[in-house]
Amino acid sequence: MSLWLDGDVSPHYPPLAGDVTADVAVVGAGIAGAATAYFLASAGAKVVVLEARRVAEAASGRNAGFLLAGVAENLVAASHRYGERNALRIWRFTKRTQALVRSLVEEHAIDCALRWNGSDQIAGDDEEWREVAESARRLSSEGVAVSVDPVSHRATYAEDGEMHPVLWVRGLAAAAVKKGARIHETTRVTTVAGGAARTATGVVRAGSIVLCTNAYTAHLANSRVRPVRGQMLATAATARVFERPAYANRGYRYWRQTSDGRVLVGGWRDTAVDEEVGEEERTTDRIQKQLEAFLNENGITAPVTHRWAGTMGFSHDALPYIGRVADGIFVCGGFTGHGMSFGPASAELVARLVRGSTHPDAELFDPSR
């Protein structure tokens, strides 16, 4: 079980019972769904959220709790893929998420162990180090607080953060409810069509439906999102080993140590690319042994207390799909392992589109691109 989901971190919301109407139905109550509901309800919309499990029980409750700026790739690699102008736009878009987290946690007093200790981006080889160093230089010229250490081949970004992801998402969901949104847990949507989200226990009829279902979007609509598995483990509390979250080897390795001393390690899926796909949330010996090897290499002898897997939603170009895909139907997903960083800003974007407004970055993430 995920460390974050171990124990009862309330609240609970009742399943849907009967038919209701709404301005907007949001399907999925992870970070994207909770944030979308919050922004729409804050704008005065009547919002109903339908979640197949519990709030934040899927990928939003199974990640490392990082708040990093940018995509998994460093800025130089991202510039090769998207062009430098767009790579910087993407960077600023994720910085918007960090600003939203700061303000929302403060405004709603969300107790989610939020810390701004920065993050380390660590190169796995000389080629990546050249990119990491050049990325730091370029971002420093944009006013980003970053320092480099050539000896350890790392760049430290001072403004990145970390949190308890389940407490964050459930705190934001509770704030959405206070704004007037309704949430129904254990209510799986079976079909979406004709302005209706149908479940086994009722139908929500709405002017707009937003699919915040990430890896599971293809169950309800045509989607290019691919389900990819990620695995993690956590140890018991131990002496301080890591100062801040680390993202290494082009994002395929990541780790952090919580404020109470637990070490979390995840990734290594690049060593089993063909196996780490699909929706099955189970750990494998192949990946878990590599996570354990990392602990041993760093002299960490604390026992492993938790092992878990989660299903991420990958897009074709590592950017989320945000926007309208059919009459009255919108999507907000395909975060490619960076839902915590993209989610709130993406939700803010899709909420504006649902309300008939525009957003300066909408074309970057248009689902038809």
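How much space lies in the largest cavity? About 180 Å³ lies there, in a structure that is a predicted model.

**Figure 1. The largest cavity and its lining.** Two cavities of 30 Å³ or more are held by the structure, and the largest contains about 180 Å³ of space. Its lining comprises 21 residues, of which Ala 69, Val 71, Glu 73, Trp 91 and Gln 121 are the closest to the centre. At least two lining residues come from each of helix 2, helix 3, strand 4 (119–122) and helix 4 (126–140). Sorted by class, the lining of the largest cavity consists of 12 nonpolar, six polar and three charged residues.

**Figure 2. The second largest cavity.** This cavity has a volume of about 60 Å³. Its lining is formed by Ala 72, Glu 73, Asn 74, Gln 121, Ile 122, Glu 128, Tyr 247, Ala 248, Asn 249, Arg 250 and Gly 251. Strand 4 and strand 13 (246–248) are the elements that contribute two or more residues to the lining of the second largest cavity. By class, four of the residues in this lining are nonpolar, four are polar and three are charged.

Figure 3. The volume of the second largest pocket is about 220 Å³. Among the 14 residues that line the pocket, those closest to its centre are Asn 222, Ser 223, Val 325, Val 331 and Pro 367. Strand 17 (321–326) and strand 18 (329–333) are the elements that give two or more residues to this lining. The class composition of the pocket lining is nine nonpolar, four polar and one charged residues.

Figure 4. Helix 5 covers residues 165–178, and its end C-alpha atoms are 20 Å apart. This separation agrees with expectation, because 14 residues at 1.5 Å a residue should span 20 Å. The helix is mostly covered, with 10 of its 14 residues buried. The buried residues are Pro 165, Val 166, Trp 168, Val 169, Arg 170, Gly 171, Leu 172, Ala 173, Ala 175 and Ala 176. They pack against helix 1 (31–42), helix 3 (84–107), strand 8 (182–184) and helix 7 (339–354). Gly 180 follows helix 5 and has a positive phi, near 115 degrees.

Figure 5. Zero disulfides are found in a search of the whole structure. For Cys 112, which is in no disulfide, the nearest cysteine sulfur belongs to Cys 332 and lies 19 Å away. Cys 112 counts as buried because its relative accessibility is 1%, under the 20% cut-off. Cys 332 is likewise in no disulfide, and its nearest cysteine sulfur, that of Cys 212, is 4.8 Å away; a disulfide would require the sulfur atoms to be within 2.5 Å. The relative accessible area of Cys 332 is 0%, so this residue is buried.

**Figure 6. The surroundings of Ser 79.** Ser 79 is located in helix 2 (residues 75–82). Its relative accessibility is 17%, so Ser 79 counts as buried. When neighbours within four places in sequence are left aside, Ser 79 is in contact with Glu 84 and Ala 87. Ser 135 is 56 residues apart from Ser 79 along the chain, and the C-alpha atoms of the two are separated by 9.6 Å.

Key:
Residues numbered from 1 in each chain as written. Predicted model: local features only at pLDDT ≥ 70, side-chain atom pairs only at ≥ 80, totals over all residues. Heavy atoms only, no water. 1 Å grid on protein atoms, 1.4 Å probe; cavity = no way out; pocket = protein on both sides within 12 Å on 5 of 7 lines; lining within 4 Å. Points joined across faces, edges and corners; volume = space filled by probe spheres on them. Helix = DSSP H or I, 4+ residues; strand = E, 2+ residues; numbered from the N terminus. Nonpolar A, V, L, I, M, F, W, Y, C, P; charged D, E, K, R; others polar. Expected span 1.5 Å × (residues − 1). Buried < 20%, exposed > 50% of the residue type's maximum accessible area, 1.4 Å probe, protein only. Contact = heavy atoms within 4.5 Å.
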